Amino acid sequence: DTITVQELANRMAEKGADLVKALFKMGMPVTVNQTIDQDTAELLVTEFGHEIKRVSEADVDIRHDEDVDDAAALKSRAPVVTIMGHVDHGKTSLLDALRGANVQAGEAGGITQHIGAYQVKAKDGSAITFLDTPGHEAFTEMRARGANVTDIVILVVAADDGLKPQSIEAINHAKAAGVPIIVAINKIDKDGANPQRVRERLLEHEVIVEEMGGDVQNVEVSALKKQNLDKLLDAIAVQAEIMELKANPDRNAEGTVVEAKLDKGRGPVATILVRRGTLKVGDIFVCGAESGRVRALVNDKGQQIKEAGPSMPVEVLGLGGVPMAGDTLTVVENEARAREVAAYRQSEALKKRTAQAPVSLEGMFSALADKAKVIEYPVVIKGDVQGSVEAIVNALNKLSTDEIRVRVLHSGAGAITESDVTLAASTNAPIIGFNVRPNAKAREIANREKVRFLYYDVIYHLTEEIAKEMAGELGPER
Ligand code: GDP
């Protein structure tokens with residue numbers, strides 16, 4: 001869920017400019033007309049000493065009904081878990097093993113269906129939902145769209161390989177999202193497995209496991225030999241209990257699209273993770289800019305079910321079109337209302353696409369009122385080889401002055417990926433591609449999120465242009 005700065009200011013009865021200033025101090029140069037995500041909005045609200053009142057998106061859209069669940073109506077719900085880690089450390093194997101472990105435990109009937117998420121039961125009977133697209137691309141993309149569905153991150157680290165760049169990226173993404181981590185030290189069956197070394201290296205990234213005096217759980221597992229999987233499930237259950245995850249199951253459902261596609265036989269199909277309420281066959285809903293009526297619900301075992309409660313992943317049939325991952329599904333009272341909300345969202349989406357947003361000079365200028373502060377110029381840098389990436393980072397750092405400083409959010413060798421784009425989008429940073437281009441998915445997200453690409457093949461052209469842009473950000477008075 002997102003909100004424009006101005007709209008939030010109106011609701012807080014504060015000046016838009018004051019919010020822009022506060023956001024700037026938090027390192028987010030945005031204008032009053034740009035949107036911020038829910039986490040940021042909440043931070044701002046508390047910063048200004050107001051109370052947070054969550055309302056659902058549909059209500060924000062048109063009628064502003066009070067829509068907060070009574071504490072008494074809340075019941076505990078299953079945690080939603082995402083598995084992240086370096087390539088080849090065993091994310092997919094672990095996801096398969098965890099799901100298999102459950103099937104062997106004698107779960108009745110059904111054939112495993114890959115619908116984007118599945119649920120298993122821990123020994124104590126509590127359920128755990130796993131998103132089965134591993135890796136942080138899915139995680140960050142959902143987050144960039146305002147859908148923070150993950151409660152717990154499992155960081156898989158191969159015991160014979162140790163912490164690697166993507167392990168560290170995963171840690172940073174989890175931390176940025178404020179999501180607790182459980183470390184699964186995998187491949188302990190292998191010669192050369194050194195779990196202790198992993199625990200030590202984690203310290204350097206402020207992930208302090210219990211053995212090291214911290215509170216992060218870690219479990220040594222083998223996805224291949226199916227060792228200690230129940231221990232991992234128990235660790236998740238313990239973490240979930242600490243978090244006291246709750247939702248009201250007795251209300252109109254609200255959920256998030258985890259995956260969506262056009263199925264040849266069944267038409268548009270979306271996997272919805274129910275966030276609160278209970279989704280039922282026959283329910284009328286709005287999903288992103290689409291509307292529909294639930295024709296059938298299919299669970300992760302391919303079985304048709306009548307309803308799905310909080311934290312349950314379920315395929316929904318009966319959509320008017322294919323929504324996008326991260327979209328919100330909201331059940332509404334009737335079709336007229338569904339059409340009204342869908343039309344509103346479509347016009348909003350159009351506005352967003354046509355809005356001029358890439359550079360936020362206005363935000364920069366109002367932030368300049370606070371002159372003592374150094375302006376940051378955030379960038380993401382990708383290049384064909386590590387050597388040139390390092391050279392670019394060094395050259396850009398030299399452009400920094402007392403007034404404006406280059407802030408490299410992320411740099412690395414390789415094509416520009418979705419993860420780079422979502423990171424850039426969250427801070428309005430351009431992405432510099434040195435002899436590299438974005439992949440198709442990255443380009444698509446960049447279009448939607450209005451992220452700028454700057455391509456170069458000569459380093460001094462790059463520094464020259466960035467220097468000009470930085471001077472521009474400082475404004476005409478300099
Ligand atoms: P991902 O890229 O993180 O999804 O990793 P995969 O699940 O595809 O695993 C990469 C390789 O490691 C595959 O060849 C797996 O068979 C192997 N692998 C995964 N888990 C284990 C394990 O616990 N022990 C051993 N020996 N090999 C494993």
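Reply:

**The open sheet and its helices**

Of the chain's 478 residues, 49% count as buried. The model is predicted. The chain holds 15 helices and 23 strands. Among contacts with a separation of 6 or more, 71% link residues 24 or more positions apart.

Six strands build it, in the order 5-6-4-7-8-9. The sheet is open and its pairing is mixed. The edges are strand 5 (117-121) and strand 9 (218-220). Each has a single partner strand, so one side of each lacks a neighbour in the sheet. On average, neighbouring strands here are turned by 30° against each other, direction ignored.

Strand 5 runs antiparallel to strand 6 (residues 127-131), and five bridges join the two. Within this pair, Tyr118 stands opposite Phe130 of strand 6.

Next, the helices. Helix 9 (residues 229-243) packs on the sheet. Helix 9 touches strand 4 (80-85), strand 5, strand 6, strand 7, strand 8 and strand 9. Its direction makes about 150° with that of strand 7. Helix 8 (residues 195-203) lies across strand 7 (152-158), strand 8 (181-186) and strand 9. Helix 8 runs at about 150° to strand 8.

Strand 9 has a single partner strand, yet helix 8 lies across it and helix 9 touches it. Strand 5, at the other edge, is also touched by helix 9.

Definitions and conventions: Residues are numbered from 1 along each chain as its sequence is written. This is a predicted model: local features need pLDDT of at least 70, side-chain atom pairs count only at pLDDT 80 or more; totals for chains, interfaces and linings use all residues. Side-chain values use heavy atoms; hydrogens and water are left out. Helices (H or I, at least four residues) and strands (E, at least two) are DSSP runs, numbered from the N terminus. Buried means under 20% relative accessible area, exposed over 50%, partly exposed in between (1.4 Å probe, protein chains only). Contact means heavy atoms within 4.5 Å. Two strands pair if DSSP finds at least two bridges between them. Axes are lines fitted to C-alpha atoms, for helices over the stretch in contact, and angles run from 0 to 180 degrees between N-to-C directions.
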